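Hello,

Here is the structure for you to look through. Please open it first, then read the notes below.

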Amino acid sequence: MAKIGIFVGTVYGNAQMVAEKAQALLQEAGHDATVFDEGTLEEWQAYERDVVLVVTSTTGQGDLPDSIEPLFYDIKDSLGHQPSLRYGVIALGDSNYENFSGAGKKFDALLQDQEAKRVGEVLIIDSSEISEPEEFAEPWIRSWAALING
Ligand SMILES: Cc1cc2nc3c(=O)[nH]c(=O)nc-3n(C[C@H](O)[C@H](O)[C@H](O)COP(=O)(O)O)c2cc1C
């Protein structure tokens, strides 16, 4: 059983739906999972020896939604090094845009730089092809839930 914080960045609610699905499936797999809609640095730091799942869409031109952008910069400016943290990323985007799923990729790059340990590959969800992102994400979430135990 792992303690998992799910940090959400969304504009229109799709990433929120994926995050809630992830919470339900992770709990079903026996984990302690909590969703943070506008997560703060303090909430993030409560997981520094545990696991986080970042679920974020991309807005503007490859930008992070307002609901998660302050957290990104707080982590970048204040933390520096997070070697005890394990994490996953679900990146929502639309491949018609130039910076496809740029926000999730940016978050992954930041956490890699800070030496956090990624569990599994980044899940990319392309809204130009997928109409039910939470259903599409289900197999990935189930296998991620198992990888965390390993
Ligand atoms: C104004 C606007 C700008 C967007 N910019 C990007 C972008 O730069 N890159 C990308 O991959 N997707 C972009 N998207 C697509 C969204 O990330 C995608 O539709 C996502 O599923 C929305 O999820 P949300 O409802 O959680 O915000 C943009 C969508 C809108 C409406």
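**Helix H4**

Helix H4 covers residues 102-113, which makes 12 residues. At 1.5 Å a residue it should span 16 Å, and its end C-alpha atoms are 16 Å apart, so the two agree. Keep in mind that this is a predicted model.

Which residues of H4 are buried? They are Gly102, Ala103, Gly104, Phe107, Asp108, Leu110 and Leu111. An α-helix has 3.6 residues a turn, so residues three or four places apart point the same way.

Just after H4 comes glutamate 115, with a positive phi of about 65 degrees.

The largest nonpolar core has 27 residues. Ile4, Ile6, Leu26, Leu53, Val55, Ile90 and Trp144 touch the most other members. Two or more residues come from each of these elements: strand E1 (3-9), helix H1 (14-28), strand E2 (32-36), E3, E4, strand E6 (123-126) and helix H5 (133-149).

Take leucine 26 as an example from the largest core. Leave aside its neighbours within four places in sequence. Leucine 26 is then in contact with Ile4, Ile6, His31, Ala33, Leu53, Ile141, Trp144 and Ala145. In soluble globular proteins, nonpolar side chains tend to be buried together.

**The ligand**

There are 20 residues around the ligand. Thr10, Asn14, Thr58, Gly62 and Ser101 come nearest.

- Valine 11: a backbone N or O atom lies 2.9 Å from an oxygen atom of the ligand.
- Asparagine 99: a polar backbone atom is 3.0 Å from a nitrogen atom of the ligand.
- Serine 101: a polar backbone atom is 2.6 Å from an oxygen atom of the ligand.

Taken alone, the ligand exposes 650 Å². The protein buries 85% of that.

**Serine 101**

Where does serine 101 lie? It sits in the loop between E4 and H4. Is serine 101 buried or exposed? Its relative accessible area is 1%, and buried means under 20%, so serine 101 is buried. Neighbours within four places in sequence aside, serine 101 is in contact with Thr58, Ala91, Leu92, Gly93 and Ile124. Of these, Thr58 is also among the residues that come nearest to the ligand.

Best wishes

Conventions
Residues are numbered from 1 along each chain as its sequence is written. This is a predicted model: local features need pLDDT of at least 70, side-chain atom pairs count only at pLDDT 80 or more; totals for chains, interfaces and linings use all residues. Side-chain values use heavy atoms; hydrogens and water are left out. Helices (H or I, at least four residues) and strands (E, at least two) are DSSP runs, numbered from the N terminus. The expected span of a helix is 1.5 Å times one less than its number of residues. Buried means under 20% relative accessible area, exposed over 50%, partly exposed in between (1.4 Å probe, protein chains only). A nonpolar core is a set of buried Ala, Val, Leu, Ile, Met, Phe, Trp, Tyr and Cys residues joined through side-chain atoms within 4.5 Å. Contact means heavy atoms within 4.5 Å. A residue is near a molecule or strand if one of its heavy atoms lies within 4 Å of it. A polar contact is a pair of N or O atoms within 3.5 Å; within protein, one must be able to donate a hydrogen and the other to accept it, and residues adjacent in sequence count only if both atoms are side-chain atoms. Accessible areas come from the Shrake-Rupley method with a 1.4 Å probe; for residues, only the protein chains shown count as cover.
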